[in-house]
Amino acid sequence: MSATLATIDAAFFAALTPLLATSEPTDAFPFACVARFVGDMSRDALQQFGAQSPACLLRFDGESDLRDIDVVSGASEEKGAAQWTVFVVVEDPRSPDDTVQGATGVPGALTLAGKALSACNALAVTGLWRGRRVRYVDARPALVAPGASYVLALRFEALRVVEQATTTQPSVPLTNTRGNVNLIGTADPAPNPLDIFNASTI
C-alpha cells in the first residue's frame, strides 16, 4: 500500500516525539516541546507555544508532482515529492555563541538540529516510492532575533505514489494474430522457407 501524506506526517511526528523531555530537557530528551506547526515562522507565531524552549516544530510544506514517462510504452508514473520542515527553536537572551553552540548543560541550536536530523534523516516509512527513505534537503536559519530567538529550519523530502482516480478504459479484445518468418520480398535469399503460425480466439 502506498504511503499517504497523512501517514508520512504521522511517521515524522512519531520519530520526533521520543525527543520530548518529560521534565527538564536532557541530552537524550532535549526538547521541552514537540508539536505540529502551521503558517509562517515569526515571533508572533511562536507565542502559541509560550515559554517552551527549546522546541521542535513539524510543518507540512506541500508536494510537487514528478512524472516519469516510459519512452517505449508511453506509460507514465505519477509520484509526488512531499516536503516537511522541522523547526528547531531556541529562545535564549544570551550571546550568539551560547545560542548557536550552547554552553555547559545547555545545548545550542546546532546540537539540537543534529538531534532532529538523527530522528528524521533516512527515516523508513512504509509505502514510499520504490522503498525510498526520507531525504534530508537542507538547513537554513528561519528566524533570527538577537537576544531573543533563533530558529533553524531543517527540510526533508519524501517520494510517494500519488493517489489517482479509478477509471474504466474501453479496449478492443485481441482475437487473432498471424505471422511468418522470411516474408516474400524481403532481403532474405531464396528459397524463402516460411515458418507460419496462427493464433486465434485469444
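The legends below describe views of a predicted model.

**View 1. Secondary structure of the chain.** The chain contains 4 helices and 9 strands, taken as DSSP runs numbered from the N terminus (helices H or I, at least four residues; strands E, at least two). Along the sequence, these elements follow the pattern α-β-α-β-β-α-β-β-α-β-β-β-β.

**View 2. Burial and surface of the chain.** Of the 202 residues in the chain, 33% are buried, meaning under 20% relative accessible area with a 1.4 Å probe and protein chains only. The accessible surface, from the Shrake-Rupley method with a 1.4 Å probe, comes to about 12300 Å², and carbon and sulfur atoms hold 56% of that surface.

**View 3. Packing of helices α1 and α4.** Helix α1 (residues 5–16) packs against helix α4 (residues 109–120) at an angle of about 130°, and their axes lie 9 Å apart. Axes are lines fitted to C-alpha atoms over the stretch in contact, and angles run from 0 to 180 degrees between N-to-C directions. The two helices α1 and α4 are therefore oblique to each other, a class left after roughly parallel (under 35 degrees), roughly antiparallel (over 145) and roughly perpendicular (65 to 115).

**View 4. Residues joining α1 and α4.** Phe 12, Ala 15 and Leu 16 of α1 meet Ala 116, Ala 119 and Cys 120 of α4, where contact means heavy atoms within 4.5 Å.

**Notes.** Residues are numbered from 1 along each chain as its sequence is written, and side-chain values use heavy atoms, without hydrogens and water. In this predicted model, local features need pLDDT of at least 70 and side-chain atom pairs count only at pLDDT 80 or more, whereas totals for chains, interfaces and linings use all residues.

Definitions and conventions
Buried means under 20% relative accessible area, exposed over 50%, partly exposed in between (1.4 Å probe, protein chains only).
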